[in-house]
Structure formats: C-alpha cells, structure tokens
Amino acid sequence: MRIPCAYANWKMNKTLNEALDFVYEFVPALFSDINEGSVGVSIFPPAPYIYPMRQELGEDSPIFIGAQNIYYEKEGAYTGEMSGNILRSAGASHVLVGHSERRHIMGEDNKTVGRKLARILRDRLIPVLCVGEQLRDREAGKARDVVEEQLAVAWEGQEVTGGALIAYEPVWAIGTGKNAEPRDAQEMADFIRSWTSRFFTPETAATIRILYGGSVSPENISQYARLPDIDGALVGGASLDTKQFLEIAKAIAETGPGGTV
Ligand code: PEP
C-alpha cells in the first residue's frame, strides 16, 4: 500500500530558529491526533538546516528531511555544490529534482534534471521528480507532451529500486494562488501512472507515489487528496505555517493514498 504524503518545500525561507520551532510545534501536534503510519511527512528546508533538524527530530522520528537540490557529480572541485553523499551524511533521505524554480530561474533543462536524478538514485536517496507544464503549453493543448518529455528524458536508463515520487506541479499554479482544476490534476496523474507502468513495470509503477503541487491550501487539499491517482501533495507557501501544514497533513492522512474516501 502507498502511504499518502504531505511534503513541505520551504524554498529559501525561515531562519534556523524558526525551522527548529516548527519541529517543536508540528511533530507533537501532528501525532497527537493521527497515527504515525497514516501519512509520510518530509520537510525540504534550506540545506544548512538539514543536519540540525535531523538531530532535533532524532533518528527514530517518522518525519523525513529532504534536500531541495543536488549536484550530479559524485564529489570533487565543484565549489558551492552538494553531492548525494554529503546530503545523506547530513541526514537527508529525499531530494527534490526538476522543481520549476530550478528549471525556469536557474535554467536547468531536462538533461540536467536527468543527470541529477541519476545521482540521487545512485547515492541511495529518494527522488521527488517535479514535472509540469507552463501556462502557454496548457493553452496550446501541449501539457501532456511537455510532461511526457520531462519524464522520458529524466528516467532514461534509470531504474527505481528504493522508492521514488513524482510531483505534478503545473508551473502556473506554483505560488500563484491559482490551483489546478482537480479534474486536470487527476488526468495528468493518471497519465503519469500509465506512463510509468509502460516505462517500468506495473508493479514498480504502483510503488511510485504521485503528488499534486501548486497553491495547495487547507481549503483546497481535500479536492486533491480524494483523487484516485494522487497520493498527497508537495506544498510550498502553506507549508511555512505550522497550523496550515498541519491541517493539510491531517486531511491527507484521513483521505488515504489515491483517495479512498
Ligand atoms: C512548490 O514550491 O513546490 C509549490 C507547490 O509551491 P506553492 O504551494 O506555494 O504553490
């Protein structure tokens, strides 16, 4: 069974003290009401907070800490970059790759995303591959083609052995308050599910969790969490607020993977 997920992308926000305060407030509040196994939570803080947050949570905590970025080389003279080994030794278990801000602000193309994905898998970390079309692609009826190209280039030559997630995040929905129509999110998640079934095997595809991301809030999360091919959400803005992220995580836990309610 796929455990539903509430993943928090903090981007370039919060001080270290604010990040630690979030841990003190969020974790006890989450598990006071719901079972530890009912939702997988991963927080992607700024990189310098990975280690202190992991320490504060403790090794046995069910909360994962992830990295927002990685470099595709194994090690060496790459000033300012971080390898999989560095991230894992600091306490990260997951890595975001292909986020629209990395693609569109930092200029990462599909090939770079693929090289990073390969590094994540080789270094035994769990990737959260973000895919999604721009508004002009959707308006031109090309949303699926864009997502298919992103998937095909990223996964070329790769195998999934230790878990992977794919986040469908339409670029125009990220940080804009304009969340996608649930019908469109389900249609794309269904397409991603069948693409991964063909590319890997149906058994492997069934282990890949598909998240929706793009202006998720406590008010709209249940519309997505109940969709058959969506296993949770990647949340940006609303994850910065403890209360809002708690509401989102609880709503996801209650609905279950691929929306059973
Ligand atoms: C994101 O950064 O992945 C994201 C979905 O942001 P927001 O929830 O703010 O749209």
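Gly214 counts as buried at 5% relative accessibility, where buried means under 20% relative accessible area, exposed over 50%, and partly exposed in between, with a 1.4 Å probe and protein chains only. This glycine is placed in the loop between β7 and α10, the helices (H or I, at least four residues) and strands (E, at least two) being DSSP runs numbered from the N terminus. The model is a predicted one, in which local features need pLDDT of at least 70 and side-chain atom pairs count only at pLDDT 80 or more, while totals for chains, interfaces and linings use all residues. Residues are numbered from 1 along each chain as its sequence is written, and side-chain values use heavy atoms, with hydrogens and water left out.

Gly214 and Thr176 are 38 residues apart along the chain, and their C-alpha atoms are separated by 7.8 Å. Ser215 also has its place in the loop between β7 (209-213) and α10 (221-225). The relative accessible area of Ser215 is 19%, and this residue is therefore buried. Although Ser215 is not a glycine, its phi is positive, at about 55°.

Ser215 also belongs to the surroundings of the ligand, since 14 residues surround this molecule and the closest are Lys11, Glu169, Gly175, Ser215 and Gly236; a residue is near a molecule or strand if one of its heavy atoms lies within 4 Å of it. By class, the shell around the ligand holds 4 nonpolar, 8 polar and 2 charged residues. In this scheme Ala, Val, Leu, Ile, Met, Phe, Trp, Tyr, Cys and Pro count as nonpolar, Asp, Glu, Lys and Arg as charged, and the others, Gly among them, as polar.

An oxygen atom of the ligand is 2.6 Å from a polar backbone atom of Gly175, and a polar side-chain atom of His99 lies 2.9 Å from an oxygen atom of the ligand. For Asn9, the distance between an N or O atom of the side chain and an oxygen atom of the ligand is 3.2 Å. Of the 290 Å² of accessible area that the ligand has on its own, the protein covers 96%, with accessible areas coming from the Shrake-Rupley method with a 1.4 Å probe.

A second residue with positive phi is found elsewhere in the chain. Phi of Lys14, a residue other than glycine, is near 80°, and Lys14 lies in the loop between β1 (5-9) and α1 (16-33). Lys14 is partly exposed because its relative accessibility is 21%.

His94 lies in strand β4, which spans residues 94-97, and this histidine is buried, with a relative accessible area of 1%. The side chains of His94 and Ser93 are joined by a polar contact of 2.8 Å; such a contact is a pair of N or O atoms within 3.5 Å, and within protein one must be able to donate a hydrogen and the other to accept it, with residues adjacent in sequence counting only if both atoms are side-chain atoms.

Ile34 is found in the loop between α1 and β2 (40-44), and its relative accessible area of 12% is the reason why Ile34 counts as buried. Ile34 and Glu254 are 220 residues apart in sequence, whereas their C-alpha atoms are 8.5 Å apart in space. Val131, found in strand β5 (residues 126-131), is buried at 2% relative accessibility, and the C-alpha atoms of Val131 and Ile34, 97 residues apart along the chain, are separated by 30 Å.
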